[in-house]
Amino acid sequence: MKRVLVIGDGQLGLMLAEAAARLGLWLDRVSPEHCLLFHGTGRQGTALPHDWSAADYDIVTAEREHLPANALMARLAGHPGFGAHAAITTLADRRSQKALLDRLGIATADWCLVESQADIERFSRLHGGPVVVKSAQGGYDGRGQWRLDAARAAAAPAALYGRMIAERSVRFVRELSLVGARAADGSCVFYPLVENRHREGMLRFTLAPARAARGYQRRAEQMLRRIMDELGYTGVMAVELFEEDGKLLVNELAPRVHNSGHWSQDGTTLDQFELHLRALCDLPMPPPRTTGHTVMINLVGCAFDPAWLSVPHARLHWYGKEVRGGRKLGHINLQAPTLRALLARLAALAPLLDREHALAVEEASEGLRPPPTTVYPQRSQRAHILRSGAERVTG
Ligand code: AMP
């Protein structure tokens with residue numbers, strides 16, 4: 001039995017532990033800041049001796065890309081089973097991540113390094129409006145981000161000059177993401193593209209598969225495969241994308257299982273957590289098959305409500321974390337064989353949620369409804385329309 005160590009003690013590691021239990025793998029999680037070890041899905045951490053080296057583990061992986069610089073982390077970084085460490089280091093910093101994308105010729109929002117207020121002013125003038133300033137390291141879920149124009153350039157924290165980038169503000173029609181996995185032999189499998197809606201920089205829900213995105217699937221797979229190949233990466237990786245003017249631009253890369261892949265737990269034959277472990281442990285990786293339509297709703301900052309469990313087909317994944325405003329505490333996957341059935345299941349769930357989450361469900365339902373179809377007018381109407389110069393009407 002392979003022994004896997006996950007760096008991080010959050011919900012992603014927890015769900016990796018659930019998948020490991022199914023595969024009969026030994027999996028522990030380590031908090032690198034607190035030097036605590038959690039066995040499997042256990043909540044009670046054991047303090048580690050200061051010279052602990054993880055020598056008992058075959059594989060080391062991480063549930064997050066931002067890793068502290070301390071003695072324990074330095075030992076883990078040198079572990080022979082932590083093959084992704086270099087890739088994680090490259091992607092954890094927006095400067096090196098963007099440079100990688102540019103080097104590979106993969107489309108991403110234009111960017112520049114911010115070393116002074118003048119850089120933001122110049123970049124904003126160049127793009128004729130506000131730009132998105134992001135700290136190079138450590139920002140996530142919209143933290144460490146500022147939308148600034150030349151007049152407000154001074155609002156960016158001067159302490160981060162040299163460690164911030166500015167990006168063109170992308171006028172996207174929607175945000176998509178692709179999750180895929182690469183095995184050690186270089187073979188890859190991918191999930192379908194999904195559509196993600198964010199609020200205040202945080203993912204609120206995912207529609208899977210994304211509607212009318214087949215034309216983008218191959219392009220997105222080529223991008224992600226190219227990146228994983230270049231990094232010699234093994235495991236699951238996610239790429240967040242903007243759809244703008246019929247093109248895909250990379251927003252960011254995550255060298256790990258990803259929130260926008262949570263739907264795969266209940267909407268596919270092989271979820272991203274098990275897929276990641278299979279890739280790392282050299283186990284078979286058949287392409288995951290999608291079963292119907294799925295919506296994943298993130299539960300953010302709200303207390304657990306057992307009423308959610310009364311909805312048939314609502315699969316709750318509650319992380320057991322302390323409830324705090326703005327914190328991801330769980331998610332609900334709703335899956336159905338048809339869009340119509342999924343809409344009915346969403347309608348049953350909405351009244352049991354607080355206002356904010358009910359609105360997210362409403363928005364998700366809107367996103368699933370077919371766009372208005374083009375109906376061709378009757379003969380009598382046609383003459384009128386031709387006279388008035390219109391070509392067709394939509395209903
Ligand atoms: P990030 O942490 O980079 O994924 O950003 C969080 C969210 O902020 C994204 O999902 C977008 O909704 C928005 N965002 C980030 N970068 C840009 C950009 N360059 N242009 C427009 N919106 C952005």
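Mentor: E200 sits in the loop between β12 (194-199) and β13; strands here are DSSP runs of E with at least two residues, helices are runs of H or I with at least four residues, and both are numbered from the N terminus. The model is predicted: local features need pLDDT of at least 70, side-chain atom pairs count only at pLDDT 80 or more, and totals for chains, interfaces and linings use all residues. Residues are numbered from 1 along each chain as its sequence is written.

Although E200 is not a glycine, its phi is positive, about 50°. E200 counts as exposed because it has 11 C-beta neighbours inside 10 Å; the term exposed applies to 12 or fewer other C-beta atoms within 10 Å, with C-beta atoms placed from the backbone.

The loop between β13 (202-208) and α6 (214-231) holds P209, and a cis peptide bond with omega of about -10° joins A208 to P209. A212 is also found in the loop between β13 and α6. A212, not a glycine, has a positive phi of about 50°, and A212 is exposed, with 10 other C-beta atoms within 10 Å.

As for the ligand, the residues that surround it include H198, G201, E240, N251 and E252, where a residue counts if its C-beta atom, placed from the backbone, lies within 6 Å. The ligand lies between domain 2 (110-168) and domain 3 (174-368), because both give residues to the shell around it; the domain bounds come from an automatic or database domain assignment.

Terms used: Buried ≥ 20, exposed ≤ 12 C-beta atoms within 10 Å, placed from the backbone.
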